Amino acid sequence: MATQSHSLSYAGCNFLRQRLVLSTLSGRPVKIRRIRARDDNPGLRDFEASFIRLLDKITNGSRIEINQTGTTLYYQPGLLYGGSVEHDCSVLRSIGYYLESLLCLAPFMKHPLRIVLRGVTNDQVDPSVDVLKATALPLLKQFGIDGESFELKVVRRGMPPGGGGEVFFSCPVRKVLKPVQLTDPGKIKRIRGIAYSVRVSPQMANRIVDSARSILNKFIPDIYIYTDHMKGVSSGKSPGFGLSLVAETTTGAFLSAELASNPQGQGAAVLPEDLGQNCAKLLLEEIYRGGCVDSTNQSLGLLLMTLGQQDVSKVLLGPLSPYTIEFLRHLKSFFQIMFKIETKPCGEELKGGDKVLLTCVGVGFSNLSKTLK
């Protein structure tokens, strides 16, 4: 744990999760002012307040102060405690919004985290539970976070606006992370996917699969897209359908893309054929961007490299997303760590878009709250 007590100060509601997660890991308090101060409806939104409540549940001794209008937040992190937790997420954002941060924090708890999250499992904004399961969990395993209790499963699906989904996530704790050298993206060897439909005809999922295959079959034969049609109580409260695709490479990198239908009562109706084709094109675009970590998990990979032992870690990424660029700035503020960034133009070895090679020496973060047996 870092010992600096002086707090960092920020303005605005952007990157709120990043700041609170890094504050919790580094032990440095943060003060965030002017949260939507000029908005007609100022202050923290419901989903942000729900995220802060979740942080409070998994830590012990955190101090959280919010002013009356909700435009100023002071957060002094406590120890990551873990244990068995249940949390009802806000239906304004999907469970992926909360899970992304839990994936960063879970390995450093005092007790292994076992959490049940309820809310929206798949929406159009955040990474879905399916994609995080297929891409983020293998990434954590590369850093040595693995075990029998490491799982993420969808108990019920819930689509916006009603939600009603349920997800179970459990993660073992680790004292230290091992450094990684992820520099060879490899070639695509297979594509897997899940076409899901809830409270609509089961035929929808089959139509999505057929249209996605019509594009992907031209590139690779090994494609398998599962159909997942949940009925009754496990189908949540709102109708909807969608598709998440994951391409696996010969070196164990996972690249993902996903699309979901418009929420009930919002926007035009989406044809399953269009959704399947568009999602396949998105996957091809992600493959073109390439790298060893897909654009959804760039910041997770960089955080785990930062927290690794005092040894060199390298990772080859596709073009950095704006979220990742801001994350690198935050890593510098909280952990005083700088990455060496080299651009690798596409050429003979690297196909697709231009790549970026990021190198850093870990800060040697050690999980001090882990109980020694």
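Predicted model: local features only at pLDDT ≥ 70, side-chain atom pairs only at ≥ 80, totals over all residues.
**Ground rules.** I number residues from 1 along each chain as its sequence is written, and I take side-chain values from heavy atoms, leaving out hydrogens and water.

**Entry 1: S128.** I located S128 in the loop between β8 (111-119) and α4 (129-142), where helices (H or I, at least four residues) and strands (E, at least two) are DSSP runs numbered from the N terminus. S128 has a relative accessible area of 0% and is therefore buried, a label that means under 20% with a 1.4 Å probe on protein chains only. Setting aside residues up to four places away in sequence, I found S128 touching T121, N122, S244 and E258, with contact taken as heavy atoms within 4.5 Å. With E258, the side chain of S128 also makes a polar contact of 2.5 Å; such a contact is a pair of N or O atoms within 3.5 Å, and within protein one must be able to donate a hydrogen and the other to accept it, residues adjacent in sequence counting only if both atoms are side-chain atoms.

**Entry 2: cavities.** I searched the whole structure and got 2 cavities of 30 Å³ or more. On a 1 Å grid over the protein atoms alone, a cavity is a set of points where a 1.4 Å probe fits but cannot get out, a pocket is an open set with protein on both sides within 12 Å along at least five of seven lines, and lining residues have an atom within 4 Å of a point. The largest cavity has a volume of about 170 Å³, and of its 14 lining residues E100, S101, C104, S299 and Y323 lie nearest the centre. α3 gives the most to that lining, with 4 residues. For the second largest cavity I noted about 80 Å³, with α4 supplying the largest share of the lining, 4 residues.

**Entry 3: the largest pocket.** I recorded about 880 Å³ of space in the largest pocket, lined by 33 residues, of which E100, V125, D126, P127 and T296 are the closest to its centre. β15 (254-260) gives the most to this lining, with 5 residues. At least three lining residues come from each of domain 1 (1-80) and domain 2 (188-289), bounds that come from an automatic or database domain assignment.

Conventions
Buried < 20%, exposed > 50% of the residue type's maximum accessible area, 1.4 Å probe, protein only. Points joined across faces, edges and corners; volume = space filled by probe spheres on them.
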